[in-house]
Amino acid sequence: MSLVIATDLDGTIAFDNRRPDRLIRAVLSRLVFGYDARLVVATARSPRVLEAWFGSLGPFISGVCCNGALVSEGGREVHRAALLPELVREVALALGAVDAAFCLDYGDGFVESRPGALPWMGERARRAMPEGGPRLDGVVKLCVADGAGRAPELTALAGGRAEVFPHATGDADVVAAGTNKANGLARILADDDVVLALGNDLNDLELLRSADRAVVVGTGLPGIERLGHVVRTPADIGRIAATLMSEARGLAPWMPRARLA
């Protein structure tokens with residue numbers, strides 16, 4: 001049996017488009033190297049961010065990226081779910097008609113609809129929209145800058161062919177139908193693994209619901225703490241780190257009761 005820590009990034013353990021705080025990284029390292037916990041980073045971001053944000057811990061992380069459209073374990077990709085090419089074309093045309101900014105993510109790189117679209121995605125692996133239009137196959141995530149406000153429209157356009165995840169930050173992700181972080185995580189779990197999940201947003205909902213224990217960070221997903229296995233903690237680095245260690249100890253009784261460094 002293994003303790004699996006499955007955590008979202010932005011708004012959960014990372015803030016202001018920056019890598020997780022040193023204290024958070026120290027706690028995660030302690031759980032992985034000191035107590036043999038498995039670390040799964042379940043994020044809307046692409047795999048590119050894991051190495052850049054976690055450094056030496058990166059090779060030891062399994063990834064459930066692009067909301068579960070890309071899943072890796074031990075540095076090896078085990079699952080990929082791309083959007084239907086015809087749906088990518090329809091959504092891109094509809095967004096282009098209203099001059100909405102968006103990016104098409106292929107996992108190893110992404111194409112911007114116009115210069116500077118979704119600047120939080122960074123410059124690494126960013127490419128300009130080709131004159132003849134984007135490649136339609138292999139898109140694992142379509143990210144829309146003001147997509148939260150367009151979520152009903154995007155959902156209607158998808159017509160059951162995709163999942164739409166609006167975020168509190170105003171953007172929204174479109175991924176293949178049936179794709180979410182919980183389904184992605186399930187692909188790399190053993191039957192007797194015990195899961196502690198952390199999240200804060202709508203795209204974390206199924207992950208939090210399906211875990212053995214779960215921590216919701218901040219004020220999002222109101223009422224979810226009424227589920228008996230979910231606790232809420234403020235979006236404060238110290239409180240998050242302490243709650244993470246406390247909940248991990250509660251799930252893994254073999255872990256020593258040593259004080260948090």
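## How the helices and strands pack

Helix 7 lies across strand 1, strand 12, strand 13 (213-217) and strand 14, running at about 165 degrees to strand 12. Helices (H or I, at least four residues) and strands (E, at least two) are DSSP runs, numbered from the N terminus. Angles run from 0 to 180 degrees between N-to-C directions, and axes are lines fitted to C-alpha atoms, for helices over the stretch in contact. This is a predicted model, where local features need pLDDT of at least 70 and side-chain atom pairs count only at pLDDT 80 or more, while totals for chains, interfaces and linings use all residues. Residues are numbered from 1 along each chain as its sequence is written, and side-chain values use heavy atoms, with hydrogens and water left out.

- Eight strands make an open sheet in the order 5-4-3-2-1-12-13-14, and their pairing is mixed (two strands pair if DSSP finds at least two bridges between them).
- Strand 5 (76-80) and strand 14 (230-233) are at the edges with a single partner strand each, so one side of each is left without a neighbour in the sheet.
- On average, neighbouring strands of this sheet are turned by 20 degrees against each other, direction ignored.
- Strand 1 (residues 3-7) runs parallel to strand 12 (residues 194-199), joined by 5 bridges, and Val4 stands opposite Val195 in strand 12.

**Helix 1 against helix 7**

- The axes of helix 1 (residues 22-35) and helix 7 (residues 237-251) come within 9 Å and cross at roughly 15 degrees.
- The two helices, helix 1 and helix 7, are therefore roughly parallel to each other (angles under 35 degrees count as roughly parallel).
- Helix 1 passes helix 7 in a right-handed crossing, meaning that the near helix is turned clockwise from the far one by less than a right angle.
- Residues of helix 1 including Leu23, Val27 and Tyr35 meet residues of helix 7, among them Ile240, Leu244 and Ala248.

**Helix 3 against helix 4**

- For helix 3 (residues 85-97) and helix 4 (residues 151-158), the axes come within 10 Å and cross at roughly 145 degrees.
- Their contact (heavy atoms within 4.5 Å) involves Leu87, Glu90, Val91, Ala94 and Leu95 of helix 3, together with Leu154, Leu157 and Ala158 of helix 4.

**A hairpin to look for**

- Strand 10 (residues 162-166) pairs with strand 11 (residues 172-176) in the antiparallel sense over 5 bridges, and Val164 stands opposite Val174 in strand 11.
- Strand 10 and strand 11 form a hairpin with 5 residues between them, and Gly170 in the turn has a positive phi of about 105 degrees.

Methods. Parallel < 35°, antiparallel > 145°, perpendicular 65-115°, else oblique.
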